[in-house]
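Please view the model first.

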Amino acid sequence: MNICKTVEDVRALSTAWHKEGKTIGLVPTMGYLHDGHASLMDIAHRHADKIIVSVFVNPTQFGPNEDLDKYPRDFERDQAVCEAHGVDAIFYPTPQLMYAPDFSTWVHEDSLSQLMCGQSRPIHFRGVCTVCTKLFNISLCDVAVFGKKDAQQALIIRRMVRDLNMPLQIVLAPLVREADGLAMSSRNKYLSAEEHQRALSISKGIFAAQKRYEEGERNADALKRILTESIQKGEGQIDYVVLMDQDTLRPIEQIDRPALLACAAFFGKTRLIDNVFLE
Ligand code: AMP
């Protein structure tokens, strides 16, 4: 497995692979890899010949009072996870390499980014779109895999790739959960044992709402209420509970098209997100 720390290192590999007629799949991550990330690597293998995983805690997607400095990092463990999942190269750049001191060019998706997480994290998706554009350009990937765990992010990236005619395919991968139901996240490490137990109210609410949907409930308020009440029971502080059109991310009242039930809530200082695609 290659560890690439410069743009030139990655480009040399990608160019050689393309010359051999191989396709390249990229899995962008912020590291501290878990089974959710690993599932993306496995899915990437089904869509491309060579797999690159980027490990980069992207400073431009964190707001001033967010957890950039304490975001968990463990590159040795990340290497082992990538090795175990047949990854061909890791791109592991420094912030200085990715952002010149006079960096001034941004990619900003203007519609979907304003809703949901965009309301409490105003610069987040600008940072995500910009870094993903850079990673696509650096890796020369043919396919990139994003998890449905970050549903809004995945839908925004898909929109950006379509709008800007970027020459790659975006694959969405299923959300992976802990055995107890909690959506896997590098941020789960922040939770105390007691917060973790209370945070299970999110997945319980998601499962209960999904079951009601499968039983035929199509009223958005009814489904949102199930999730809201469950999180309140766990004493989570709700940021949002929304039921949206999957394409526009605009709220819907009756589910008559592919929809997304999504939430964000704080348990202690930790902000968790979860969702289910209703289709
Ligand atoms: P992150 O390192 O949190 O930025 O995530 C990198 C990629 O892994 C994103 O596409 C996420 O959506 C995806 N991912 C993170 N957690 C999960 C999960 N529990 N299930 C599926 N994909 C995930």
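A crossing counts as right-handed if the near helix is turned clockwise from the far one by less than a right angle, and as left-handed if anticlockwise. The crossing of α8 and α9 is right-handed. The model is a predicted one.

**The α8/α9 pair**

Helix α8 covers residues 193-214, and helix α9 covers residues 220-233. Their axes come within 8 Å and cross at roughly 160°. Angles over 145 degrees count as roughly antiparallel, so α8 is roughly antiparallel to α9. The residues that make the contact are listed by helix.

| Helix | Residues in the contact |
|---|---|
| α8 | Ser-201, Ile-202, Lys-204, Gly-205, Ile-206, Ala-208, Ala-209, Arg-212, Tyr-213 |
| α9 | Leu-223, Ile-226, Leu-227, Ser-230, Ile-231 |

By class, nine residues of this contact are nonpolar, three are polar and two are charged.

**Helix α7**

Helix α7 runs over residues 151-163, 13 residues in total. Its span from first C-alpha to last is 18 Å, close to the 18 Å expected at 1.5 Å a residue. Is α7 mostly covered or mostly open? It is mostly covered, with 10 of its 13 residues buried. Buried residues include Ala-151, Leu-155, Ile-156, Ile-157, Met-160 and Val-161. Gln-152, Gln-153 and Arg-159 are also among the buried residues of α7.

The cover over these buried residues includes helices α5 (117-120) and α6 (124-139). Strands β5 (143-147), β6 (169-173), β8 (259-267) and β9 (270-278) are also included. Just after α7, Asn-165 takes a positive phi of about 50°.

Terms used:
Residues numbered from 1 in each chain as written. Predicted model: local features only at pLDDT ≥ 70, side-chain atom pairs only at ≥ 80, totals over all residues. Heavy atoms only, no water. Axes fitted to C-alpha atoms, helices over the stretch in contact; angles between N-to-C directions. Helix = DSSP H or I, 4+ residues; strand = E, 2+ residues; numbered from the N terminus. Parallel < 35°, antiparallel > 145°, perpendicular 65-115°, else oblique. Contact = heavy atoms within 4.5 Å. Nonpolar A, V, L, I, M, F, W, Y, C, P; charged D, E, K, R; others polar. Expected span 1.5 Å × (residues − 1). Buried < 20%, exposed > 50% of the residue type's maximum accessible area, 1.4 Å probe, protein only.
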